[in-house]
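I opened the notebook to look up how this chain is built. My entries follow the model below.

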Amino acid sequence: MPRIPAPPLPKSLQRKPKRPGENDVREHNPVAEAGITVVDWIDERTSMSGGLRWTLYRKVPRGINWFYTLGSATLFAFLSQAVTGVFLAMYYTPDASGGAYRSIRYITDEAFLGQFVRAMHKWGASVMVILIFLHMGRVFFFGAYKYPRELTWIIGVTLLILTLVMGFTGYLLPFDQRSYWATIVGVNINGTGPFIGPYLSDFLRAGPEFGATTLSRFYAIHMLLVPGAIIVLIGAHLYLVTKLGITAPPWLKVDEKEPELEKAEV
């Protein structure tokens, strides 16, 4: 498939031409010159402007609507979960002998804005799951999974599974009665799967029985393994979306007299 050439810079970023009769002597503005110098210095050594132009200024089909923002909304929900999760990890203790529950009580009752941050993380998890299901549903019903975007769809399905795994592993971290017994039920359900079910349950429990090391295993999966995989796959997903473009709505009729695509800023 031929590569789409990078579009030109928008007019707002292009340098204005000199006026007739204007000489090279201009008013000295050290603040503006310092900003231009720093930007040029960074761009000369990183060549980031080409990548940003390729990512932000691209052609999109006519007829796109608010349904196409579900992917961006899901990405924003993940970033919110990452930021609030970092602040919660500063106070959380993965101790099955009571430290985990006490740390959650401290976050909720004593830490500054702790209840607010924990509520954002708790309800943000549900919002992220809802958004990613809506996004996948939009892609499916609009037929955006077809050629040449099959790999983009596969990565999206993998991200959906990892989102559910992150929600499941995070549910145990408060380590109260509800999360404890609910996780036991969930792990036992996973053990009924064919072939890899029993091995998956042993991996999640960190042994044949539910014990103290299970909490550490769930904490490591929730904080390190799953978020790292999600970040890598989101990068690959966004690259493919930018490279292959997005599909037009299924109800849009292509006019042969006019080009199907038009320039737009994303």
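I began with a definition: helices (H or I, at least four residues) and strands (E, at least two) are DSSP runs, numbered from the N terminus. By that rule, I counted nine helices and two strands in the chain. I read their order along the sequence as α-α-β-α-α-α-α-α-α-α-β.

I noted the ground rules next. This is a predicted model, where local features need pLDDT of at least 70, side-chain atom pairs count only at pLDDT 80 or more, and totals for chains, interfaces and linings use all residues. Residues are numbered from 1 along each chain as its sequence is written, and side-chain values use heavy atoms, with hydrogens and water left out.

**Entry: the whole chain.** I looked up burial (buried means under 20% relative accessible area, exposed over 50%, partly exposed in between, with a 1.4 Å probe and protein chains only). Of the 266 residues in the chain, 30% are buried. I then checked contacts (heavy atoms within 4.5 Å). Among contacts with a separation of 6 or more, 74% join residues 24 or more positions apart.

**Entry: H3 against H5.** How are two packed helices described? By the angle between their axes and the distance between the axes. Axes are lines fitted to C-alpha atoms, for helices over the stretch in contact, and angles run from 0 to 180 degrees between N-to-C directions. I found helix H3 (residues 70-89) packed on helix H5 (residues 114-141) at about 155°, with axes 8 Å apart. H3 is therefore roughly antiparallel to H5. The cut-offs are under 35 degrees for roughly parallel, over 145 for roughly antiparallel, 65 to 115 for roughly perpendicular, and oblique for the rest. The crossing of H3 and H5 is left-handed; that is, the near helix is turned anticlockwise from the far one by less than a right angle, while clockwise would be right-handed. I listed some residues of the contact, including Ala77 and Phe78 of H3 and Gly124 and Met128 of H5. I sorted by class: Ala, Val, Leu, Ile, Met, Phe, Trp, Tyr, Cys and Pro count as nonpolar, Asp, Glu, Lys and Arg as charged, and the others, Gly among them, as polar. The contact of H3 with H5 has 13 nonpolar, nine polar and two charged residues.

**Entry: two partners of H9.** I found H3 packed on helix H9 (residues 212-244) at about 150°, with axes 12 Å apart. So H3 is roughly antiparallel to H9. Residues of H3 that meet H9 include Leu75 and Phe78. That contact holds ten nonpolar, one polar and no charged residues. Helix H6 (residues 150-171) packs on H9 at about 160°, with axes 9 Å apart. This makes H6 roughly antiparallel to H9. Their contact has 19 nonpolar, eight polar and no charged residues.

Entry: Tyr147 and Pro148 are joined by a cis peptide bond, with omega about 0°. Pro148 sits in the loop between H5 and H6. Phe195 is not a glycine, yet has a positive phi of about 65°. Is Phe195 buried or exposed? Phe195 counts as exposed because its relative accessibility is 77%. Ala206 also has a positive phi, about 60°. I placed Ala206 in the loop between helix H8 (197-205) and H9. Ala206 is partly exposed, at 27% relative accessibility.
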